[in-house]
Structure formats: structure tokens, C-alpha cells
Amino acid sequence: MSEHLIGAERYWARYQPWLKSIGYILRPRYQPDWKPSWLTSNRPESESEDSLVVQLRALVLDARRQCDNFPVALKLVPTTTQELPIWRYLSSPERLVDSRNHCVPLLTIHPLPDTDDLVLSVMPLLLSYRIPTFDTVGEVLSCVHHLLQGLTFLHEHNVTHLDICTQNTMHDPGSKLYPKGFHPLQPSSYTPDPNSPQLVPSYSVSSRTLAPVKFYFIDFGESFMFESYKKRHYISGSVGHYPDLPEFPDDRYYDPFPVDIRALGETLRRGFSSVDISAF
């Protein structure tokens with residue numbers, strides 16, 4: 001919480017007029033001449049939507065598409081890496097029709113007005129795969145099934161993600177899991193009135209059993225795509241969020257595909273370690 005924009009927030013606020021001109025609406029905190037609402041509303045800061053702050057170096061920010069109010073996430077992607085070509089390949093019409101494709105779709109790309117080093121990419125607004133909590137064994141198995149399907153799809157297309165972790169494993173809640181909506185930074189709350197900064201707890205959360213969701217992998221910044229199965233080769237260097245994997249010591253060369261499998265297993269092990277199976 002802060003009365004002033006901090007870190008990457010200033011960056012996004014600077015882009016606000018341009019983003020509005022191409023059809024994206026940012027939250028009140030990033031509008032011109034924003035003033036903290038809780039200073040004049042007699043409402044606690046903790047109950048004010050515009051008190052929620054993104055990460056200091058956030059290259060991703062939530063927004064709404066002006067034409068249909070669709071919630072999206074805006075991401076600044078470097079043009080000097082393979083992230084964008086791989087993401088575009090995975091989001092091509094031929095691959096989006098494959099039900100096993102669990103890579104977050106790239107909706108569109110916009111060149112930035114002031115630099116060629118980054119582009120603005122637009123994707124659906126997703127939530128961490130662990131939010132809300134899993135209610136049944138069936139919901140857990142559905143999650144695992146989706147992610148195994150997604151990894152199989154990636155590897156069949158000769159793509160290694162190389163950064164599978166909790167932060168990069170998400171789901172699309174759709175419109176039924178949170179019937180009244182959710183705040184992207186605090187999903188347990190929502191704003192009843194879009195014209196009011198009031199933030200209230202959400203007690204009308206459904207379950208993944210009644211409102212099935214699709215799970216996704218995001219962030220292809222570390223990913224590598226081989227030209228074909230025959231041209232796959234070993235790589236070197238520590239990547240991803242699990243630097244203690246046995247492939248990484250001594251800077252030796254390794255097959256990146258098993259590393260993805262191990263990283264997914266590690267992600268699920270850590271993600272479900274706090275799930276009380278006896279409660280199901």
C-alpha cells in the first residue's frame with residue numbers, strides 16, 4: 001500500500017494515455033492526477049481498491065479491454081529474445097485448436113510508442129493455479145491432467161519451457177468461479193461498484209467442480225524451441241526457479257526436456273504439499 005506510485009507503477013502510469021488510445025483501461029491508481037481515495041473517503045486504506053500495489057519491477061499489469069470490458073493482462077516483452085516468436089507460434093490458429101494446448105494465448109501485440117526494445121503483449125487475465133483452494137481430489141487430478149497435457153503438447157512441438165514453477169502456472173477463472181468478480185491483486189475481494197474505490201470481501205466464490213477452469217503455463221522468457229525432433233540437442237546453464245536440479249552443477253550439458261518434467265513435478269509437489277487430502 002502506498003500513497004505514491006512506486007517502481008514499475010510509474011512506468012505504467014506514463015503509458016496510460018497511449019494505452020487508452022488503443023483501447024485498454026487501467027485501474028484508477030494509474031489514471032492521470034490520481035489521488036489516494038482513502039484520504040478523502042473516510043474509508044480505511046485496506047478497504048480501498050486503489051491502495052493495492054503491483055510488484056516493484058512488474059512487467060505485467062491488469063487492464064480491461066474497452067470495447068467489451070474483457071479483463072486482460074498487459075506484458076512488456078523484450079524484442080531481443082525468443083519469447084515472442086515462441087509465444088506467437090504456440091498461439092497460432094493451428095495450435096490453438098488443439099485441446100492439449102495449455103499455453104496462455106497471445107491475444108495481440110502492440111509496438112510501443114517510445115522504444116523498439118519492448119513490445120506490449122496482451123493475454124487473458126489469469127489467476128494462480130492454487131487460488132482458490134482445491135476442494136476435492138477430482139479438482140486436483142483435473143489440474144494435474146491439464147498440466148501434463150500442456151507439457152506433452154509443448155514437447156511434441158519441440159519447445160522446452162525451462163521455467164515451470166508456481167508463478168508460471170495459472171488458470172482462467174472465467175465468469176463463474178467468481179460470480180461477482182475479483183480483484184487481480186487480491187482475488188478474495190472485489191469492487192461492487194466499478195465507479196467506487198470500495199473493496200469488499202467476496203463470499204460468493206464457487207468451486208472448480210461447479211465452475212471448471214482451464215490451467216495454463218505462462219512466461220516463455222526462458223523457453224527454447226528446436227527446429228525439429230532430429231535437431232534437438234543438449235544445452236547448458238542453470239535456468240528456471242529450481243537451481244538445485246541435478247542437471248545444473250558443474251555447468252555440464254543436459255537434455256532440457258526431462259528438466260521440464262522435473263520442474264513440473266517439483267511445482268506440483270510444493271503446490272499440493274499444503275493440501276489436506278484427508279479433508280476431501
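**Helix H5 and its surroundings**

Reader: Against which elements do the buried residues of H5 pack?

Author: In this predicted model, local features need pLDDT of at least 70, side-chain atom pairs count only at pLDDT 80 or more, and totals for chains, interfaces and linings use all residues. Residues are numbered from 1 along each chain as its sequence is written, and side-chain values use heavy atoms, without hydrogens and water. Helices (H or I, at least four residues) and strands (E, at least two) are DSSP runs numbered from the N terminus. The buried residues (under 20% relative accessible area; exposed is over 50%, partly exposed in between; 1.4 Å probe, protein chains only) of H5 pack, by contact of heavy atoms within 4.5 Å, against H3, H4, S7, S8, S11 and H6.

Reader: How far apart are the end C-alpha atoms of H5?

Author: Helix H5 covers residues 137-156, which is 20 residues. The expected span is 1.5 Å times one less than the number of residues, so H5 should span 28 Å. The end C-alpha atoms agree with this, being apart by 28 Å.

Reader: Which strands are the edge strands of the open sheet?

Author: The sheet has three strands in the order S6-S8-S11, with antiparallel pairing (at least two DSSP bridges between two strands). Four bridges join S8 to S11. The strands that pair on one side only are S6 and S11.

Reader: Which residue of S11 is the bridge partner of Thr-169?

Author: Strands S8 and S11 run antiparallel. S8 spans residues 169-172 and S11 spans 214-217. In S11, the bridge partner of Thr-169 is Phe-217.
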